[in-house]
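Colleague: Could you take one part of this model and go through it slowly with me? I'd like to see what surrounds it, and then what else is worth a look from there.

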Amino acid sequence: MSSTVLGAAAPTAGTGQPALEIRGLSKTFPIGGLLSRKSVRALHQVDLSLGRGEIVALVGESGSGKSTLARCVARLEKPSSGEILLDGVDVLKRDRFQASRAYRSQLQMVFQDPFGSLNPAHRIEHFLRRSLAIHGKAGSAAATQRRLEELMATVGLQPDMLNSYPHELSGGQRQRVAIARALAVEPQVILADEPTSMLDVSVRIGILNLMRKLRDEQGISMLYITHDLASARYLADRTAVMFAGELVEEGESLDLLANPAHPYTQLLVSAVPDPARSGSYDPVRRAELRAAVMSPASCAFDGDPEQPCSAEQPVRHRVGSPDNRHWVRCHLYRPAAGSAGHALVESKVS
Ligand code: ADP
Ligand code: MG
């Protein structure tokens, strides 16, 4: 009974070079003041790639390190170690000043809070014009006006809203403006950090459909950060699961969410309401895990004193057939004997 152990390279999606590749990214934050030596490990050895025109969901509990990953990739935070390659170029090695504007023109971020991200003193037109101007995309007055109206149409807003102030718009409309502002730059990659979590349920689907349209029609690659697995399944080609700063499982969204191999993924999946499934959700276990995510001294799933998991980081195991690019990193994972399918050490899981 041997499993396939994957090499160090992240499985790349699509054809050719990935749009974005993250290798061995780690980040620790010092805590407790200047003289303190304490630190919190927010990310540890994360490998993740985004193919061209691909949406990858990054899912995990609050505090698991998702925003830190996006902020490191967007250069809002300096990683402790690792490489970030955009179009094959290591962005951390480029000269800071010269690199930052060029980088922003290739990669844009959309934040969770559409209320905080638009200055209330300006009309919508201002945000889009400014974005065009900063990145050298503004043309003649007429061409710029056409581009503004085109951007509004792309994100599903009426052109007369260019004259509105942010407070006159709903949360969903504001998030569409934030996306239009990112699109003005014509980026290859968009990092969207919980873009729908502050919106009414009724307008979330519209934003997800907009993101899907941008992937399909413009070939934009996206990292979609969420704690909502149902939206990951709906939107993302692949899903990566983050637990206490580490990626523990990754695969095509439909396959990963139907056949979760890591006990943490199984727990997340069990918390998604599904009338077809009964009674696997354990709120006490979930509360314990939330606490474990916040203080990752050891893996919260290693609950067996008879057979403790090794202190080493587990290797990655392929799950199922090689075609579905599904892997898991867990000492407890065992493929079924004589089968290429899924098998878990169930006794330790529940
Ligand atoms: P998520 O987005 O998944 O909720 P975060 O990336 O925001 O998680 O946080 C991951 C961990 O890093 C948490 O323990 C958080 O407290 C810590 N952290 C994030 N930013 C900072 C910071 N600027 N200073 C200290 N700790 C931080
Ligand atoms: Mg976050």
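Modeller: Let's start with strand 8 (residues 221–226): six of its six residues are buried, so the strand is largely enclosed by the rest of the structure. Buried means under 20% relative accessible area, against over 50% for exposed and partly exposed in between, with a 1.4 Å probe and protein chains only. Strands (E, at least two residues) and helices (H or I, at least four) are DSSP runs, numbered from the N terminus.

Before going further, some housekeeping: this is a predicted model, where local features need pLDDT of at least 70 and side-chain atom pairs count only at pLDDT 80 or more, while totals for chains, interfaces and linings use all residues. Residues are numbered from 1 along each chain as its sequence is written, chains are lettered from A and ligands numbered from 1 in the order in which they are written, and side-chain values use heavy atoms, with hydrogens and water left out.

Back to strand 8. In a regular strand the side chains alternate between the two faces of the sheet. Here both faces are covered, with Ser221, Leu223 and Ile225 buried on one side and Met222, Tyr224 and Thr226 buried on the other. Strand 8 has a parallel partner in strand 3 (residues 55–59), joined to it by five bridges; strands pair if DSSP finds at least two bridges between them. In that pairing, Val56 stands opposite Leu223. Strand 7 (residues 189–193) also runs parallel to strand 8, again with five bridges, and there Ala192 has Tyr224 as its bridge partner. Follow the chain from strand 7 through helix 6 (residues 201–218) to strand 8 and you trace a right-handed β-α-β unit. Right-handed means that, with the strands pointing away from the viewer, the path from the first strand over the helix to the second runs clockwise.

Now step to the loop between strand 2 and strand 3, where you'll find Glu54. Glu54 is buried, with a relative accessible area of 7%. A polar atom of its side chain lies 2.8 Å from the backbone nitrogen of Gly51, and a polar contact of 2.9 Å links the side chains of Glu54 and Arg238. A polar contact is a pair of N or O atoms within 3.5 Å; within protein, one must be able to donate a hydrogen and the other to accept it, and residues adjacent in sequence count only if both atoms are side-chain atoms.

Helix 1 gives the most, with three residues. Among the residues around ligand 1 are Phe29, Val40, Ala42, Glu61 and Lys66, each having a heavy atom within 4 Å of it. A polar side-chain atom of Lys66 sits 2.8 Å from a ligand 1 oxygen, a side-chain N or O atom of Thr68 is 2.5 Å from one, and a backbone N or O atom of Ser64 is 3.2 Å from one. Taken alone, ligand 1 exposes 560 Å², and the protein buries 66% of that, by the Shrake-Rupley method with a 1.4 Å probe.

Helix 1 itself is mostly covered, with six of its eight residues buried, including Lys66 and Thr68.
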